[in-house]
Amino acid sequence: MITIDGLAFVQVFLAALAGTILVVGFYALAIRLLVRAGRIPLAPPAEFTDAITVMTPKEQRRAAKAAAKAARRNPLTPVQRRIALVGAYCCFGLCAIAVLGGILLIVRG
């Protein structure tokens, strides 16, 4: 007969929920700080055969130009930009630590 420990199920659920909130929250904060630091992430789209419409080179140049213009209009001082950049890197590091901690829990569990 199979029995399910309800308390253990709730603990695993809450740990997964907390981990998800931490990773997504720190990642979103890191992206926001990168933008405030003037380092707007711009990734060219991957080419897929049939599933997704791909941006043309003209659209890619337009997006890069808009990102550069937004970076020039940044009202922060250079010191504030540096602080935002360091904060972004710290948030990315916390994301990595949370993911590695989750993997460690899975492997050791």
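1. **Cys90.** Start with Cys90, which is partly exposed because its relative accessible area is 45%, between the cut-offs of 20% and 50%. Cys90 belongs to helix 3. Look next for Phe26. Along the sequence, Cys90 and Phe26 are 64 residues apart. In space, their C-alpha atoms are 9.0 Å apart. Keep in mind that this is a predicted model.

2. **Overall make-up.** The protein has three helices and zero strands. Read from the N terminus, the order of elements is α-α-α. The chain holds 109 residues, and 10% of them are buried.

3. **Helix 1 and its span.** Helix 1 covers residues 6-36, which makes 31 residues.

4. **Tyr27.** Tyr27 sits in helix 1. Is Tyr27 buried or partly exposed? Its relative accessible area is 45%, so Tyr27 counts as partly exposed. Now find Cys95. In sequence, Tyr27 and Cys95 are separated by 68 residues. From C-alpha to C-alpha, they are 6.5 Å apart in space.

5. Take Phe13 as an example. Phe13 is part of helix 1. Its relative accessibility is 49%, so Phe13 counts as partly exposed. The cut-off for exposed is over 50%.

6. **Ala67.** Move to helix 2, where Ala67 is found. Which class does Ala67 fall into, buried or exposed? Ala67 is buried, because its relative accessible area is 15% and buried means under 20%. Ala67 and Pro41 are 26 residues apart along the chain. Their C-alpha atoms are separated by 8.4 Å.

7. **The positive patch.** Four residues form a positive surface patch: Lys65, Lys69, Arg72 and Arg73. Where does Arg73 lie? Arg73 is in the loop between helix 2 (57-72) and helix 3 (78-108). Arg73 has a relative accessible area of 61%, so it is exposed. The cut-off here is over 50%.

8. **What to check on screen.** Finish with the residue pairs, among them Tyr27 and Cys95, at 6.5 Å between C-alpha atoms, and Cys90 and Phe26, at 9.0 Å.

Conventions
Residues are numbered from 1 along each chain as its sequence is written. This is a predicted model: local features need pLDDT of at least 70, side-chain atom pairs count only at pLDDT 80 or more; totals for chains, interfaces and linings use all residues. Side-chain values use heavy atoms; hydrogens and water are left out. Patches are made of residues with over 30% relative accessible area and no salt bridge: like charges are joined within 9 Å, nonpolar side chains (Val, Leu, Ile, Met, Phe, Trp, Tyr) within 5 Å. Accessible areas come from the Shrake-Rupley method with a 1.4 Å probe; for residues, only the protein chains shown count as cover. A salt bridge is a side-chain nitrogen of Lys or Arg within 4 Å of a carboxyl oxygen of Asp or Glu. Lys and Arg count as positive and Asp and Glu as negative; His and the chain ends are not counted. The place of a charge is taken as NZ of Lys, CZ of Arg, CG of Asp or CD of Glu. Helices (H or I, at least four residues) and strands (E, at least two) are DSSP runs, numbered from the N terminus. Buried means under 20% relative accessible area, exposed over 50%, partly exposed in between (1.4 Å probe, protein chains only). The expected span of a helix is 1.5 Å times one less than its number of residues.
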